[in-house]
Structure formats: C-alpha cells, structure tokens
Amino acid sequence: GKEAASLLRLVVSHFREDKSSRRERLRILKMGGGHSAHGSTKQKRKTNAEMEAEYKHRKDLMDRKEQREEFGMLRWKRADDFDEAVATAAERQKPLFILFVDLPGNEKCRQMGRMVFSDMELVKQIEGEFVPVLIQNNTYEGRDREICDEFGEKQKWANPVIRITDPDKQDLTKRVEGYFAKAATKMRMKKAMSVWKDRLNKQGNNPGKEKKRADEMANKRKALGI
C-alpha cells in the first residue's frame, strides 16, 4: 500500500522532470545554445543583420529560380539596359559577356540555362568578372534587333551564341555558337580574361596592379613613420 504509492510518486516525479528537461533542451537549442548528446556546445545566436542577409540571399535564390529556363540562375542585363551595361563595363574595366539566344529557345538554349548558367560557381564568376547581357535573337524589331544587327547576328531560330567583348564591343575571343559545357565555357572565359588583362597591362591601366602598387607605397610610408 504505502510503499507502492511512494514508488508510484517517485516514478511520476522522475518522468515529469525528464520531460521538463527535454523541453528546456529544445528551447535552448532553438536559441542556438545548450548541450548535445556528445558534450557541451555553444552556438552563437544570429544577429538581426545576419538574419537579414540570410533572408536576402534566400530571396535572391528564389527569384533566380523563377527566371526563364534559358536564363539559368544568372542576373542578366537585357537589351533596354545595354547602354548602361557598356558604361558599367567601361567604368569597372570588365569585359562584356553577351549571350544571343532565342526566346523561347530550342533544346540547346534551354540546356545552356539548365546545365551551364545554373551552376552557382560559374554564375558567381561571370557576375564577378564580367558584365552579363542577354539579347533576344529571334525578333524583327526593338532594341534587341538593333543590337543583333550591330553585332552581325542574323534573325533566326537557332543555337545560342556567346560573344565576350571589351567595353568597346570588340571581341576578345572568337564568337562561339551552340551548346558549350561548363568546362568549355570556363576555358573561353579564362582566355578572354587573359587577353583583356594583357591589354590593360600594356595600357598601364590595370586596377589590380595599381592597388598593389598603392598598398606597397602605403606600407613603405608606414615603415618610415611618414
């Protein structure tokens, strides 16, 4: 009687304590701290700025995924922004990465979007080192048609065309047409960038070189106490 009742109270008390501790652990883990099964771990709680940055990153990825299949995940400038893109390329001393593509495109156009321009490593490289522009090729009118005529791209239902040019719209590498895998696209970009950097070096107008020179001078002045 009494012994059984005492044992029952002890079991119930132990169960309640264990359940309460589990709830507390979950609460702490959600806040970013607490104890794991393998020992004590402390997780820094994200600041509002970090949470805002993560939200913007996730929102950006969602927006990119909602683009046309031919676009991939790249943020392209379009025909109406072409003059602005050229000005940006000149100001930042970057080549133009121009894609002439049919909209809607054939399988090769869509495949480029899925397999090449959706690779986030390649997307980051193109957006960081070039000014990407997408021009619709299969149209008879508008700014797209004017740009196609300027580059000699004929109106057609055909394969994608990549032109990598300097800000003066002069080709840095040979015009390529058709499907190019990621590796081939990267090689084309590397070659174009090499030509572009060599040209800047010859002109004595390399931003990276100028920054390195400025940093060296600053270190020398610091060492001399100037």
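In which loop does Lys174 lie?

Author: Lys174 lies in the loop that runs between strand S5 (161-165) and strand S6 (176-177). Strands (E, at least two residues) and helices (H or I, at least four) are DSSP runs, numbered from the N terminus. Before going further, please note that this is a predicted model, in which local features need pLDDT of at least 70 and side-chain atom pairs count only at pLDDT 80 or more, while totals for chains, interfaces and linings use all residues. Residues are numbered from 1 along each chain as its sequence is written, and side-chain values use heavy atoms, with hydrogens and water left out.

Lys174 has a relative accessible area of 69% and is therefore exposed. On this scale, buried means under 20% relative accessible area, exposed means over 50%, and partly exposed lies in between (1.4 Å probe, protein chains only). Along the sequence, Lys174 and Ala192 are 18 residues apart, and their C-alpha atoms are 9.1 Å apart in space.

Strand S5, at one end of this loop, brings us to Arg163. Arg163 has a relative accessible area of 9%, so this residue is buried. Glu153 and Arg163 form a salt bridge, with 2.8 Å between the closest N and O atoms. Glu153 lies in the loop between helix H6 (142-150) and S5, whereas Arg163 is in strand S5, so the pair ties together parts that are 10 residues apart in sequence. A salt bridge is a side-chain nitrogen of Lys or Arg within 4 Å of a carboxyl oxygen of Asp or Glu. Like Arg163, Glu153 is buried.

Arg163 also forms a salt bridge with Asp171, where the closest N and O atoms are 3.0 Å apart. Asp171 is partly exposed, because its relative accessible area is 34%. Salt bridges with shared partners join Glu153, Arg163, Asp171, Arg175 and Glu177 into one network.

The structure as a whole holds 17 salt bridges. One of them is formed by the side chains of Glu107 and Arg114, at 2.6 Å from N to O. Glu107 is partly exposed, with a relative accessible area of 38%, and Arg114 is partly exposed as well, at 35%.

Disulfides, by contrast, number 0, a disulfide being a pair of cysteine sulfur atoms within 2.5 Å. Cys109 counts as buried because its relative accessibility is 1%, and Cys148, at 0%, likewise counts as buried.
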